[in-house]
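Biologist: I would like to learn how to read a protein model with some care. Could we take the features in turn, with the general idea before the case itself?

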Protein chains: 2
Amino acid sequence: MFSFKHTKPESMSKDNVSVVPPPTNFSSRKRVMRFYNTPRIIGRMSVVGEKESKGPLGKYFAKCETDDKMGEKTFERAEIRMFDTAVRGAVRDSGLDIKDVDLLISGDLLNQMTTSSYAARDIGVPHIGVYGACSTMTESLLVAASFVDSGYFSNVLCATCSHFATAERQFRFPLEYGCQRPPYAQWTVTGAAASIVSTNNADTERFPKIVMAIPGMITDFGTNDLNNMGAAMAPAAMDTMCTLFTQTGFCESDFDLVVTGDLGKLGSDILRDLMRERGMKLGQNYIDCGNMIYDVKQKCYQGGSGCACSATIFNSFILDKLVKGEYKRVAYLATGALMSTQSCYQGETIPCISHAVVVESPFGGECE
Amino acid sequence: MFSFKHTKPESMSKDNVSVVPPPTNFSSRKRVMRFYNTPRIIGRMSVVGEKESKGPLGKYFAKCETDDKMGEKTFERAEIRMFDTAVRGAVRDSGLDIKDVDLLISGDLLNQMTTSSYAARDIGVPHIGVYGACSTMTESLLVAASFVDSGYFSNVLCATCSHFATAERQFRFPLEYGCQRPPYAQWTVTGAAASIVSTNNADTERFPKIVMAIPGMITDFGTNDLNNMGAAMAPAAMDTMCTLFTQTGFCESDFDLVVTGDLGKLGSDILRDLMRERGMKLGQNYIDCGNMIYDVKQKCYQGGSGCACSATIFNSFILDKLVKGEYKRVAYLATGALMSTQSCYQGETIPCISHAVVVESPFGGECE
C-alpha cells in the first residue's frame with residue numbers, strides 16, 4: 001500500500017517556502033455556487049483516440065479517431081482538429097447553429113493553451129480561456145453555468161481536450177525517445193469533449209441541469225514527481241469533496257455517482273484514505289474516470305489522465321445516464337495538476353486543484 | 001509608416017488552414033454583459049520593477065521593487081513574490097481580511113500559469129485560473145464582476161503579473177544570451193497588480209463601478225513575428241472596440257479614456273488605421289498603456305507589453321483618476337497574444353484577443 005506522507009520535502013524547506021497549507025476549515029468560507037435558473041446541458045460530444053475507444057467505455061464515445069495525427073502534420077494540429085470536431089459536434093447535437101452560441105469557454109494542457117485558442121480562432125465565437133489543467137471541464141462548466149444562470153448569455157459552449165503525444169512531449173519526453181514509464185504513471189487520454197450550457201425553456205426540460213458548483217482551492221501536499229499525478233491531485237479532490245459534503249449537507253449516498261477526474265488507481269486509493277482520515281469514508285458510489293477509461297490489459301498502469309479523461313466520460317457515459325434518469329444526481333470533481341516543467345526543474349512541488357459541479361437528471365429530485 | 005497586410009501568409013496556405021477569419025458583423029451577436037448590481041473595485045495595488053518606476057507614470061505605482069530577483073533564487077520565484085505582494089496589498093487597501101475574500105481569479109504569461117497558481121497556493125483562497133495572455137486583467141475583472149453582480153460571491157480578487165526576465169526566457173531568449181532586439185520589439189513590464197471587486201453597500205459607494213464587459217473574439221490577421229506583438233494584437237483590439245461602439249451606442253467621446261493594453265507605439269498606430277478604415281476615427285481620448293509606461297529615453301522601442309503593463313496602470317493611474325472623479329467613464333481593453341513558442345516554431349501565426357470592461361467613477365453619469 002502506498003504510504004502518503006504529509007511532510008514538507010527537503011528541497012523546499014531550504015528556501016523557507018511553505019508548501020503544506022494550513023489545515024482547511026471546510027465550512028468557514030462560502031464556496032458553493034447555487035444555480036436557481038436551471039442551466040442545462042443541451043448538447044454534447046466526445047471524441048477519443050483509438051486506445052480509448054478500445055477501453056471499457058469505448059461504446060459510449062460519439063466518435064473515434066483511429067489515426068493519432070488525424071491526417072495533420074503534427075500532433076498539436078491533430079489536437080486542434082479533435083477540439084474543433086467536439087465543439088461542432090456539440091453544437092449540432094443541441095440543434096443550434098454556431099451563430100447562436102454566445103461564448104466559448106475552454107482550456108487545455110499545452111503551453112499558453114494553444115489548442116483551445118487556435119481552435120477558437122476558426123470557430124469564431126467570443127472566447128474566455130480558463131486554465132485548471134485537467135480540471136478544465138468542470139471549471140468551464142462552473143463559469144458557463146453562472147453566466148447562463150445570471151442571464152448574461154443564453155448558450156455557452158464548454159470544451160477541452162488533451163493528446164497523449166503532445167502532453168508527453170511537453171511534460172515528460174517526446175515519444176521518439178522511447179522512455180520507460182514507471183509503474184505509478186498514468187496515460188494521457190487522447191480526446192476532446194464539449195458541452196453546451198443553456199437556459200431553461202420548454203424544449204430543454206428533458207436535459208440534465210447544473211444545480212451547483214464549487215471552485216477549487218489550490219492544494220499542495222509536497223509531491224514533486226511529474227509521473228505521479230494521482231498522488232499530487234488526491235488532496236485537491238479531498239478538499240473540494242469535503243467542502244461539498246460539509247457545505248451542502250449531502251453525503252456520498254445522496255449522489256448516484258461521485259466522480260473524480262483523473263486520479264487513476266493509485267490516486268483514488270489515496271483519496272479514499274484521505275477522506276477516511278477525515279471521517280468521510282467513500283463507498284461504492286465513488287468512482288474515478290482515470291480508473292475507468294482503460295482496461296488493465298491495455299497496460300496504462302494507474303489509468304488515464306489529461307483534460308479529456310473525465311471530460312469525454314462526462315460528456316458520454318455520465319450524461320447518457322443522467323438524460324435517461326438512470327442517475328438522478330452526480331457530483332463531478334475534475335482534478336488538475338498546475339505545475340510546469342520549468343517549475344519542477346526549479347525544485348518546486350506540484351500544486352493541484354479540483355473544481356466541482358453537481359448535475360441532476362431532468363427526472364431527479366431537486367437540490368436544496 | 002508601417003503597412004499592415006491583411007493577407008494570409010504563404011506558410012499557412014499550404015496547410016489549407018484559414019488564418020484570416022471572415023469579416024465580423026459586430027452587431028449580430030450579443031456580446032455586451034451589463035452589470036446592474038454595481039460591482040465596485042474597493043481595493044487595489046500595483047507593484048512594478050525599477051525600470052517602470054522610472055517611467056512617466058512612476059509616481060502612481062504603490063510599490064517599486066529595485067531588485068529584479070527580489071532576494072529570490074530565480075526570476076520565476078521573484079514573479080511569484082511580486083504577485084503575492086500585489087494581492088495582499090489590494091486586500092489591505094480594501095480594509096478586508098484575506099479570509100473575507102471568496103475567490104481569486106488570476107492568470108499570467110508563464111507556461112501552465114505557474115506564477116499565479118504557485119502564489120495562489122500560499123494565499124489560500126479558492127481559485128479560478130483564466131488565460132488571456134496580456135488581456136488577463138480585463139478577463140478576470142469580467143468574470144469577477146459577473147460573479148459579484150449575480151450574488152454568487154461578495155469579494156473577488158483579480159490579479160495578474162509579468163516579469164521581463166521570465167517572459168524573455170520563455171518566449172524569446174534567456175537574457176544571458178544578450179540578443180539584439182529589433183526596433184519593433186516591446187519590453188515586457190516587470191510588475192503585478194490586483195483589484196478587489198465587491199458588491200455595493202454604504203461603505204463602498206465612493207469606489208468606481210464596473211458597468212459592463214465584453215468578452216473578446218480571437219482574431220488573427222496573419223502576423224507571425226514573436227517580437228512584433230503590437231501588430232498581432234491590434235486587430236483583436238479593433239474587434240472589441242468596434243463591438244463596444246456599435247453595441248452600446250457610445251463613441252470615443254463618451255469616454256474620458258479609451259485605453260488599450262499593450263499595443264505599444266506601432267500597435268496603437270495600426271489600431272488607429274484599422275478603426276479609421278471602419279469609419280471610427282480615434283481621437284485624443286484614446287491611449288495605449290504600452291505607449292505610456294516608458295519614456296522614449298529608456299530605449300524600450302515600441303513601449304511596454306506583458307500582463308502587468310495595463311494591469312499596473314489601471315490599478316494606479318486610471319483608478320486614481322476614477323476615484324477622484326477626474327475621469328467619469330473609462331473603457332479598458334486589455335489585449336493578449338495567444339501563441340506559444342511551440343506553435344510559432346510549427347509555422348502558426350499569432351491569434352490574439354481583447355477583453356473589455358467599462359468602469360465608471362462614483363461621481364459619473366450612469367451607463368444605459
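This is a predicted model: local features need pLDDT of at least 70, side-chain atom pairs count only at pLDDT 80 or more; totals for chains, interfaces and linings use all residues.

Biologist: What radius of gyration does chain A have, and what would a compact globule have?

Modeller: The radius of gyration is taken over C-alpha atoms, and the globule rule is 2.2 Å times the number of residues to the power 0.38. For 368 residues a compact globule would come near 21 Å, and chain A has 19 Å, which agrees. The C-alpha trace of chain A spans about 60 × 50 × 35 Å along its principal axes.

Biologist: What share of the residues in chain A is buried?

Modeller: A residue is buried if 20 or more other C-beta atoms, placed from the backbone, lie within 10 Å of its own, exposed if 12 or fewer, and partly exposed in between. In chain A, buried residues make up 60% of the 368.

Biologist: Which domains does the assignment give for chain A, and how far apart do their centres lie?

Modeller: Domain bounds come from an automatic or database domain assignment, and for chain A it gives domain 1 (10-33 + 205-360) and domain 2 (39-202). The C-alpha centres of these two domains of chain A are 19 Å apart. Two residues are in contact if their C-beta atoms, placed from the backbone, lie within 7 Å, and the contact between the domains takes 57 residues from domain 1 and 52 residues from domain 2 of chain A. On the domain 1 side, α10(A) gives the most, with 13 residues.

Biologist: How many residues of chain A are in contact with chain B, and which element gives the most?

Modeller: The contact joins 51 residues of chain A to 52 residues of chain B. Elements of chain A that each supply at least two residues to that side include β4 (103-108), α4 (114-123) and α5 (136-149), and α4(A) gives the most, with six residues. Here Ala, Val, Leu, Ile, Met, Phe, Trp, Tyr, Cys and Pro count as nonpolar, Asp, Glu, Lys and Arg as charged, and the others, Gly among them, as polar. By that division, the side of chain A that touches chain B has 22 nonpolar, 18 polar and eleven charged residues.

Biologist: What is a nonpolar core, and which residues touch the most other members of the largest one?

Modeller: In soluble globular proteins, nonpolar side chains tend to be buried together. A nonpolar core is a set of buried Ala, Val, Leu, Ile, Met, Phe, Trp, Tyr and Cys residues joined through C-beta atoms within 7 Å. The largest one has 239 residues, of which Ala86(A), Leu157(A), Ala86(B) and Leu157(B) touch the most other members. Leaving out residues up to four places away in sequence, Leu157(B) touches residues including Val87(B), Leu103(B) and Ile196(B).

Biologist: How far should helix α7 of chain B span?

Modeller: The expected span of a helix is 1.5 Å times one less than its number of residues. For the 20 residues of α7(B), residues 229-248, that gives 28 Å, and the end C-alpha atoms are 28 Å apart, which agrees. Because 16 of its 20 residues are buried, α7(B) is largely enclosed by the rest of the structure. Ala236(B) lies in this helix and counts as buried, with 31 C-beta neighbours inside 10 Å. Just after α7(B), Gly249(B) takes a positive phi of about 80°.

Biologist: Which residues other than glycine have a positive phi, and are they buried or partly exposed?

Modeller: Thr38(B) has a positive phi of about 55° and is found in the loop between β1 (33-34) and β2 (40-49) of chain B; with 20 C-beta neighbours inside 10 Å, Thr38(B) counts as buried. Phi of Tyr301(B) is positive too, near 50°, and with 18 such neighbours inside 10 Å, Tyr301(B) counts as partly exposed.

Key. Residues are numbered from 1 along each chain as its sequence is written. Chains are lettered from A and ligands numbered from 1 in the order in which they are written. Helices (H or I, at least four residues) and strands (E, at least two) are DSSP runs, numbered from the N terminus.
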